[in-house]
Amino acid sequence: MCSPVPERSAAQLLSAALLLLWLSGCSSMDVLMPQNINALNGTTVKIPCTFTSCYKMDVGKFLMNWTYQETLNDTEDMFMTFIKKKGMVPQRSYQFGDRVMFVGNLDKNDLSITLSEVQIEDEGLYNCYVRNPPDRIQGHGTIRLHVVSELPPPRDSTIAVAIGASVGGALALLILSMVVVKCLRRHRKQELISEEKMEEEGKLDAEGVAEEGTKQP
């Protein structure tokens with residue numbers, strides 16, 4: 001004969017089961033980055049990376065790496081990593097030297113960096129890897145940097161202003177013409193009504209005179 005399970009043990013088992021169920025629903029994370037970013041040659045560009053997690057960051061377990069690769073087929077070069085008790089630390093990189101700086105905020109899950117004195121050779125893929133235990137899945141985001149040698153020339157607004165003024169003037173003349181035509185039509189309609197009224201009054205006067213003539217002996 002099986003002995004009944006104590007109520008306290010059953011409650012503990014239920015609590016443990018609910019805890020495991022909740023943890024299983026929070027086993028992944030998301031890394032948020034735009035797909036592309038443009039930078040002007042010779043300037044400083046910010047490369048953003050943020051992440052969302054079900055758990056608060058534990059600096060004793062948190063892991064993070066920034067890597068660069070020219071194309072998807074090239075090997076990745078790690079140029080920044082997170083080190084316990086030191087935070088975000090740039091790594092020796094022939095590609096970037098000391099041009100990379102961490103500008104994010106770990107308390108806000110912001111892992112963004114800046115790259116100064118951008119060069120054409122800096123074009124490529126920038127990978128942001130994040131692991132935040134007890135999240136079991138490593139987060140990964142990639143952004144492609146495009147470097148341009150010059151900004152596009154400003155548009156000449158003189159022609160646009162001239163065209164706009166011409167169109168505006170023509171539209172004003174059209175509206176004025178419509179108003180004048182409408183006023184003329186209204187004035188003509190009033191004249192016709194007045195003429196019809198005068199004719200009607202004339203007919204009534206003539207009929208009255210005729211009636212008086214027939215009444216005289």
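Two strands pair if DSSP finds at least two bridges between them; strands are DSSP runs of E of at least two residues, numbered from the N terminus. This is a predicted model, in which local features need pLDDT of at least 70 and side-chain atom pairs count only at pLDDT 80 or more, while totals for chains, interfaces and linings use all residues. Residues are numbered from 1 along each chain as its sequence is written, and side-chain values use heavy atoms, without hydrogens and water.

Begin with β5 and β6, which pair in the antiparallel sense over four bridges. Select Tyr68 next; opposite this residue stands Asp77 in β6.

Now select Phe79, one of the residues with the most contacts inside the largest nonpolar core, which has 31 residues. Such a core is a set of buried Ala, Val, Leu, Ile, Met, Phe, Trp, Tyr and Cys residues joined through side-chain atoms within 4.5 Å. Beyond four places in sequence, Phe79 is in contact (heavy atoms within 4.5 Å) with residues including Trp66, Pro90, Ser93 and Tyr126.

Finish at Ser93, in the loop between β7 and β8 (100–102). Ser93 is buried, at 10% relative accessible area (buried: under 20%, 1.4 Å probe, protein chains only). The C-alpha atoms of Ser93 and Phe79 are 5.7 Å apart, and the Ser93 side chain reaches the backbone nitrogen of Gln95 at 3.3 Å.

Conventions:
Buried means under 20% relative accessible area, exposed over 50%, partly exposed in between (1.4 Å probe, protein chains only). A polar contact is a pair of N or O atoms within 3.5 Å; within protein, one must be able to donate a hydrogen and the other to accept it, and residues adjacent in sequence count only if both atoms are side-chain atoms.
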